[in-house]
Amino acid sequence: PTQHVNFDRDRVVFINLTEMDEYNGFEKNLKGGGRFIDDYGYGGEIFNFKIDNGKCYGYAPPYGKLNLRRISSEISGDAHGEYLDDVFVVFTCSRESKGRIVCGFYQHARVYAKSVKDERISRIIETNVQIPLYNIICDAKDAFLIDRNDRVKQLPRTTNKNNVGHGHHSVWYVDKPERQKIKNEILNYLEKFINQSNTSDEYKY
């Protein structure tokens, strides 16, 4: 059967990652992402598509911080801090030959303003016994990772004239009217991509 995505287009954020094949643990020869990745061989997004007790826990570089008020004003809070529910998170990744390209997304995500410290053993990185932080949570059934070879949709870079596309920051907010066209074009692409695929596990994590 055909799978139809369902998300709130008014509560969307784009987050850029270092490109990885699976975001499910260590991978060799990572490129981009700054000095930390150059030094240690991984970034905080190392587990963004790892299933952990039915959930995926995502990290927004560089420090696990998001300006929630640029996504929605309906902010709640718990022991971990301020958060928004039902956010559609589009992940892009940087590829030298193409710039930022869409690599996956979370539906119906809970997004925290600041990173959550979680010391579960399942999150330990054995090489240096560090535990990556996260600030985004979604059900595993709502996390979609696009195969590396199918990552073709670009998020354009801004120019000095229009300030529409992304800049240097890893987070691209779509709270400005002039950014709605690009946002909707990418979300339409994702809807079509998922709805044309079947319900196999090729893209669904």
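Tyrosine 23 is buried, with a relative accessible area of 0%. Buried means under 20% relative accessible area, exposed means over 50%, and partly exposed lies in between, with a 1.4 Å probe and protein chains only. Phenylalanine 49 also counts as buried, at 1% relative accessibility.

The model is predicted: local features need pLDDT of at least 70, side-chain atom pairs count only at pLDDT 80 or more, and totals for chains, interfaces and linings use all residues. Residues are numbered from 1 along each chain as its sequence is written, and side-chain values use heavy atoms, with hydrogens and water left out.

Now the rings. The structure holds 10 aromatic pairs. Rings of Phe, Tyr and Trp (its six-membered ring) pair if their centres lie within 6.5 Å; planes under 30 degrees apart count as stacked, over 60 as edge-to-face, and the rest as tilted. The ring centres of tyrosine 23 and phenylalanine 49 are 6.0 Å apart and their planes stand at 55°, so this pair is tilted. The pair links distant parts of the chain, 26 residues apart. Tyrosine 23 is in the loop between β1 and α1 (35-40), and phenylalanine 49 is in the loop between α1 and β2 (55-58). Ring pairs also join Tyr23 and Phe49 with Phe91 and Tyr106 in a cluster.

A second pair is stacked. Phenylalanine 105 and phenylalanine 144 lie 4.8 Å centre to centre, with 20° between the planes. Phenylalanine 105 belongs to strand β5 and phenylalanine 144 to strand β7 (residues 143-145), so the pair ties together parts that are 39 residues apart in sequence. Phenylalanine 105 counts as buried at 1% relative accessibility. Phenylalanine 144 is buried too, with a relative accessible area of 1%.

Step back to the whole chain. The protein chain has 2 helices and 9 strands. Helices (H or I, at least four residues) and strands (E, at least two) are DSSP runs, numbered from the N terminus. Along the sequence the pattern reads β-α-β-β-β-β-β-β-β-β-α. Buried residues make up 48% of the 205 residues. Among contacts (heavy atoms within 4.5 Å) with a separation of 6 or more, 68% come from residues 24 or more positions apart.

Next, follow strand β4 (residues 81-95) and its partners. Two strands pair if DSSP finds at least two bridges between them. Strand β1 (residues 12-18) pairs with β4 in the parallel sense over 7 bridges. Here leucine 17 stands opposite cysteine 93 in β4. Strand β3 (residues 76-78) pairs with β4 in the antiparallel sense, over 3 bridges. Aspartate 78 stands opposite glycine 81 in β4. A hairpin of 2 residues joins β3 to β4. On to strand β5 (residues 99-116): β4 and β5 run antiparallel, joined by 10 bridges. A hairpin takes the chain from β4 to β5 through 3 residues. In a regular strand the side chains alternate between the two faces of the sheet.

Tyrosine 83 stands opposite tyrosine 112 in β5. Tyrosine 83 has a charged neighbour as well: arginine 110 lies over the face of its ring, at 3.7 Å from the ring centre. A charge sits over a ring if NZ of Lys or CZ of Arg is within 6 Å of the ring centre and within 35 degrees of the ring normal.
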